[in-house]
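The tour below goes from one selection to the next.

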Amino acid sequence: MRIGIIGAGHNGLVCAAYLASDRHEVTVFEKNERTGGLCINEELFPGYRVPTVAGYYGMFSETVFQDLGLERFGLTTYVTDPVDTTILPDGHYIVSPRDDEDGAIFGLTASDEDRQGWERFWNEISRSGVAIRPYFTRTGVTQYELQKVIEQEGFKLLSERLFDGSLLDILNEYFENPLLKAAVCAGSIEVPMRRGTIFGQVYQASAKTDGRDGVAGFLRGGLGLLSEALYQVAVERGARFHTGQAVKRIIVENQVATGIELDDGSSHEFDAIISNVDPRGTFGRLIDERLLPMGIRTHLKTPISPISSGKVHLALSGKPVIRSLDEIGHNYSGRITITPGIEGIIKNCEEAVDGRLPDNPVMTISIPTVDDDSLAPEGRHLMTVDVHHMPVTNSGEAWSDANSNVLVEKVLANLREHCPGLDSFVDNIAVITPGHLQGRFGIASGHGSHLPMTVEFLVEKRRFPYCGQHTTPISKLYMCGAGTFPGSGVSGAPGYNCARTVSSIFNTRV
């Protein structure tokens with residue numbers, strides 16, 4: 001069977017590898033000159049190997065890793081020690097060491113009850129993440145099913161509020177200390193005051209690195225090496241790739257997808273088409289809306305969260321001094337989150353919803369060259385700053401190269417408060433805004449996860465009404481990107497699930 005795949009992000013690569021193994025004639029079209037989508041390494045600065053967008057390892061499916069034989073590529077993952085550090089206002093901090101038995105190190109005053117509540121919260125979140133992880137590579141999963149799984153773990157409250165409650169609200173059931181609440185909410189994928197963000201926390205806790213549950217780590221050499229390995233497997237199994245080939249439209253005849261037309265005017269016929277483009281991009285740009293049932297058109301107009309994230313990469317001549325870390329004897333390893341108090345986080349989210357970039361955003365810093373010197377020239381360092389709760393637009397205007405300096409200036413202004421003399425270390429800067437996700441990577445929504453991980457788009461709601469998982473209202477058109485189940489992160493699970501769906505429909509084996 002001839003299958004065309006639009007988009008060579010990591011899920012498109014996974015899907016292509018599985019379907020090519022099943023002896024389908026698979027052709028992948030990628031608008032950019034290289035494959036990998038958001039999961040790539042680039043030489044953004046001379047001599048540096050920079051994971052441009054996706055940087056953390058942990059969500060990738062063990063099933064996919066083993067099925068595709070990725071171990072032969074020598075991919076080496078590692079967990080830092082500490083794993084996470086949160087810098088809170090007024091010199092307070094929390095450090096999470098690599099070994100769970102050591103427990104968190106608190107640089108703040110908290111009651112015994114609150115400390116116990118903190119441990120209970122993370123125990124329940126972590127065990128729930130482990131419990132639901134096997135369901136991410138299954139089809140037909142429902143919210144109710146995942147709730148029952150967590151309830152069977154003994155976490156009735158978490159189960160009951162998994163999709164209807166907000167992360168901020170449920171924290172009141174575990175502890176009262178506002179600094180502890182700020183530390184948790186700073187790491188939320190979405191606005192922590194919104195329904196569904198409890199599931200988002202559990203979803204993140206499904207990560208696993210080097211046998212450690214609930215832990216996100218790194219891939220030595222940068223996460224882009226994973227996409228390079230996936231591409232190699234797909235090619236070896238027979239998939240063909242056309243890079244620098246943007247798809248103009250999906251050809252639909254009598255409600256059946258029959259082919260694609262490229263920007264150069266050429267057309268290609270296929271027996272099935274799989275889109276790795278986000279749902280809004282697929283049905284807002286590649287297909288004439290008039291071909292869709294009215295219910296689907298209404299669904300596509302469902303408002304989505306106007307909050308995304310950004311990233312600033314700094315090429316450094318050396319390792320800068322982060323004052324608060326030096327004071328506690330920190331080694332600068334792992335993820336380092338700088339956050340205002342809980343009121344500051346709430347204010348940031350409100351500003352971002354209004355389309356304004358917060359003055360004091362939550363930032364997660366990593367200096368991966370502390371543990372992996374292959375990413376930069378000798379003696380140099382790479383600092384990556386993830387900016388949380390960032391508006392999809394800049395005061396109502398699309399983010400662009402011209403206005404991205406606004407993000408850079410805000411990030412540098414906040415970093416200077418923690419890193420005296422930072423400017424003397426900075427050799428070069430690169431920035432990724434939601435506008436780059438939309439323009440360069442073709443994600444219409446401006447969300448790296450294609451659709452937000454909010455209650456409107458979780459589990460079975462991460463598909464079209466009246467459609468099965470990974471299917472669409474157009475016959476023989478399927479979806480394999482992060483806008484499908486299970487969702488965000490570099491997991492490969494959406495690509496795997498889509499390949500299984502297509503194979504089951506056409507009675508082939510994956």
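This is a predicted model: local features need pLDDT of at least 70, side-chain atom pairs count only at pLDDT 80 or more; totals for chains, interfaces and linings use all residues.

Residues are numbered from 1 along each chain as its sequence is written, and side-chain values use heavy atoms, with hydrogens and water left out.

**Stop 1: the pocket.** Select I87, L88, D90, G91 and H418, which lie nearest the centre of the second largest pocket among its 21 lining residues. A pocket here is an open set of points on a 1 Å grid over the protein atoms alone, where a 1.4 Å probe fits, with protein on both sides within 12 Å along at least five of seven lines; lining residues have an atom within 4 Å of a point. Its space is about 380 Å³, a volume being what is filled by probe spheres set on the points. Next, colour helix 12 (323-327) and helix 14 (405-418), each of which supplies at least two lining residues. Helices are DSSP runs of H or I with at least four residues, and strands are runs of E with at least two. Helix 12 gives the largest share, four residues.

**Stop 2: S491.** Go to the loop between strand 24 (477-479) and helix 16 (493-505) and select S491. Its relative accessibility is 4%, so S491 counts as buried (under 20% relative accessible area, 1.4 Å probe, protein chains only). Show H10, M59, F60 and S61, which S491 touches, leaving aside residues up to four places away in sequence; contact means heavy atoms within 4.5 Å.

**Stop 3: the sheet.** Finally, select I260, which stands opposite H268 in strand 15. Three bridges join strand 14 (residues 256-262) to strand 15, and the two run antiparallel; strands pair if DSSP finds at least two bridges between them.

Conventions:
Buried means under 20% relative accessible area, exposed over 50%, partly exposed in between (1.4 Å probe, protein chains only).
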